[in-house]
Amino acid sequence: MSSIGQPKTKEYKDFFSFFLTAVLGASINFVSQIFYRKFFDFDTSVLCGYLTATVLTFIPTKRYAFSARDTGNTGREAIKFLGIAVVALAVQVYVAKYTLEWIANPLFPNVSELWREKGSHVAGMGMSFLANYFGHKLLTFRSTGFYDRLLSRPSKEQERNV
């Protein structure tokens with residue numbers, strides 16, 4: 001019975017650890033978006049807030065959420081992290097934008113613009129959280145072997161000499 005329970009416990013622990021680092025990222029994202037909103041339109045401020053949080057949370061995510069402190073693959077992980085972050089960014093920006101446009105503005109016209117925007121932003125952040133978690137869990141901090149296969153491929157010049 002304990003051998004069956006072990007993987008589940010580890011998955012819950014990983015998810016909870018990621019959730020805590022995501023709370024840090026969400027806080028940075030949320031607060032910085034309010035600052036950026038003073039200078040940019042809603043969509044651009046959401047993008048800037050997300051980028052700020054992404055840069056500031058790579059190391060905590062690597063070290064604590066996925067226990068990948070000593071992998072020796074930080075460069076590759078950073079590239080994969082940014083790739084997943086770009087996908088999750090698109091998720092966040094479009095979910096926030098369309099939640100504001102299709103739900104918050106039509107259904108809550110009497111609520112202040114700030115609250116409609118922040119509610120829409122939180123909806124986008126929630127969907128982005130899921131995209132980030134599964135992307136990082138399945139790709140970023142896991143060896144897929146792709147890089148090693150890419151390095152071991154013979155170059156075109158080597159193929160011609162054979």
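The model is predicted, so local features need pLDDT of at least 70 and side-chain atom pairs count only at pLDDT 80 or more, while totals for chains, interfaces and linings use all residues. Residues are numbered from 1 along each chain as its sequence is written, and side-chain values use heavy atoms, with hydrogens and water left out.

## The overall fold

Let us start with the chain as a whole. It has six helices and zero strands, giving the pattern α-α-α-α-α-α along the sequence. Helices here are DSSP runs of H or I with at least four residues, strands are runs of E with at least two, and both are numbered from the N terminus. Of the 162 residues, 33% count as buried. Buried means under 20% relative accessible area, exposed means over 50%, and partly exposed lies in between, using a 1.4 Å probe and protein chains only.

Contacts (heavy atoms within 4.5 Å) can also be sorted by distance along the sequence. Among those between residues at least 6 apart, 74% join residues at least 24 apart. Ser17 and Thr61 illustrate how sequence and space can be set side by side: the two are 44 residues apart in sequence, and their C-alpha atoms are 8.5 Å apart. Ser17 belongs to helix H1, residues 2-37, and is buried at 17% relative accessibility.

Helix H3 covers residues 74-107 and has a kink of about 40° centred on Leu100. The bend at a residue is the angle between axes fitted to the seven residues ending there and the seven starting there. The buried residues of H3 include Glu77, Phe81, Ile84, Gln92 and Thr99, as well as Leu100 itself.

Leu100 also belongs to the largest nonpolar core, a set of 10 residues: Phe42, Val46, Tyr50, Ala85, Ala88, Leu89, Val93, Ala96, Leu100 and Ala104. Such a core is made of buried Ala, Val, Leu, Ile, Met, Phe, Trp, Tyr and Cys residues joined through side-chain atoms within 4.5 Å. Helix H2 (42-65) and H3 each supply at least two residues of this core, and the largest share, seven residues, comes from H3. In soluble globular proteins, nonpolar side chains tend to be buried together.

Leaving aside residues up to four places away in sequence, Tyr50 touches Asn29, Ala85, Ala88, Leu89, Gln92, Ser128 and Asn132.

## Aromatic rings

Across the whole structure there are nine aromatic pairs. The rings of Phe, Tyr and Trp (its six-membered ring) pair if their centres lie within 6.5 Å; planes under 30 degrees apart count as stacked, over 60 as edge-to-face and the rest as tilted. Tyr98 and Trp102 are stacked because their ring centres are 4.5 Å apart and their planes meet at 25°. Both lie in helix H3, four residues apart, which means about one helical turn separates them. Tyr98 is partly exposed at 27% relative accessible area, whereas Trp102 is exposed at 58%.

Elsewhere, Phe18, Phe19, Phe129, Tyr133 and Phe134 form one aromatic cluster.

## Salt bridges

How many salt bridges does a search of the whole structure find? There are three, where a salt bridge is a side-chain nitrogen of Lys or Arg within 4 Å of a carboxyl oxygen of Asp or Glu.

| Salt bridge | N to O distance |
|---|---|
| Arg37 and Glu113 | 4.0 Å |
| Arg37 and Glu117 | 3.0 Å |
| Lys97 and Asp43 | 3.9 Å |

Lys97 lies in helix H3 and Asp43 in helix H2, so this pair ties together parts 54 residues apart in sequence. Lys97 is partly exposed at 24% relative accessibility, and Asp43 is partly exposed at 26%.

Arg37, Glu113 and Glu117 are linked in a network of salt bridges.
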